[in-house]
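Please look at the sequence and the model together before reading on. The report below moves from the whole chain to a sheet, and then to a single residue.

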Amino acid sequence: MSVRTTAALTTEDLLWDTADMLDALAARDVAQVFRLVQRATRASQTTLGVATGLSQAQISEITSGARRVSSIDVLTRICTGLSMPRHARVTLLLGEREPARDLAGHQVGKAVPDRCADVSAIYSSRSDFMAELPPRALFDHATDIRASGLSLNLICQQYGDNRLLKLLAAGTRLRCLFLDPAGEAIRRQEREEDYPDGHLSALTDLNIQNLARRIRDRLPAEARNNLAIGVYDESIRANVLLIDGRLCVVQHYLPQMRGVDCPTMVIERSANPSGLYPIFDEMFNSLWERSRQL
């Protein structure tokens, strides 16, 4: 899709809290999103196109169902062009439905902004996230790191061995939980991301072996327990990185997209117990309890 000059469309915040809109956002049904916006603002297809950087013909194809939007870049432009508030962007980009509020402002369940109050940033891809928060910025002064996911390249491939050895020898605790390279779930993931059979299994096994041999085996005996490695064989939902009980990085896996192209969400723990940090903290702990330790 070509990029055109854009001028954001003004929308009312209440539009993004209706059940119909939240359902459309969570399903990434951009056609329905456009129809609801048009109904609320009376914007023409040309106006939607100018706002989102799409042509009138592309808007027409999307609203008729002839074209489906799956590109994160285009979805991000739509978020900006339609002046979506933060909770609506989260719902669209991550495909997760939050409870709605009624139009009188009363809460149904938990209010969306409250549930997302501890989300500090969302990046449209992992490379955008890495450019802003490289591994050194995340790990250099950490004292407790917990990571679960697929191959955990952020730790195993993108953070220097000597730095990791220094951290662990100084007392930092690291728990790494990999998708089992011999399991069925990783084979499903290879098919989902259209990799050759064995590609992700080989990469994950290499990372596990390197972490055990290049790092754990080189640590002083008294520091080896600072590194724990486990595997699990369950459908992967996200890479989850938790640092010092205060920072959480979530990299979701979305259908028909390779992991590197998926968005990254950064969460900073807050005093609000209904934030997202406790959800991913419990997710890691539960997965670790069910894992097989190596």
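## The chain as a whole

Residues are numbered from 1 along each chain as its sequence is written, and side-chain values use heavy atoms, with hydrogens and water left out.

Of the 294 residues in the protein chain, 50% count as buried, where buried means under 20% relative accessible area, exposed means over 50%, and partly exposed lies in between (1.4 Å probe, protein chains only). The secondary structure comprises 14 helices and 8 strands; helices (H or I, at least four residues) and strands (E, at least two) are DSSP runs, numbered from the N terminus.

## Confidence in the model

The pLDDT, which is the predictor's confidence in each residue on a scale from 0 to 100, averages 83 over the protein chain, and 86% of the residues score at least 70. Over residues 99-114, however, the pLDDT is below 50. Where pLDDT is low, the predicted coordinates should not be read in detail.

The 8 strands form an open sheet with mixed pairing, in the order 1-7-6-5-2-3-4-8; two strands pair if DSSP finds at least two bridges between them. Strand 1 (119-123) and strand 8 (292-293) stand at the edges with a single partner strand each, so one side of each is left without a neighbour in the sheet.

Strand 3 (residues 173-179) is mostly covered, with 6 of its 7 residues buried. Strand 3 runs parallel to strand 2 (residues 144-148), to which 5 bridges join it, and Ile 145 stands opposite Leu 174 of strand 3. Strand 3 also pairs in the parallel sense with strand 4 (residues 227-232), over 6 bridges, and here Leu 179 has Tyr 232 as its bridge partner. Strand 4 and strand 8, by contrast, run antiparallel and are joined by 2 bridges, with Gly 230 partnered by Gln 293 in strand 8.

## Nonpolar cores

A nonpolar core is a set of buried Ala, Val, Leu, Ile, Met, Phe, Trp, Tyr and Cys residues joined through side-chain atoms within 4.5 Å. The largest has 33 residues, of which Phe 139, Ile 155, Phe 178, Leu 211 and Leu 241 touch the most other members. Apart from it lies another core of 32 residues, including Val 30 and Met 84.

## A closer look at Ser 291

Ser 291 lies in the loop between helix 14 (277-289) and strand 8, and it counts as buried because its relative accessibility is 13%. Leaving out residues up to four places away in sequence, Ser 291 touches Leu 177 and Val 231, a contact being heavy atoms within 4.5 Å.

The side chain of Ser 291 reaches the backbone oxygen of Trp 288 at 2.7 Å and makes a polar contact with the side chain of Gln 293 at 2.6 Å. A polar contact is a pair of N or O atoms within 3.5 Å; within protein, one must be able to donate a hydrogen and the other to accept it, and residues adjacent in sequence count only if both atoms are side-chain atoms.

Technical notes
This is a predicted model: local features need pLDDT of at least 70, side-chain atom pairs count only at pLDDT 80 or more; totals for chains, interfaces and linings use all residues.
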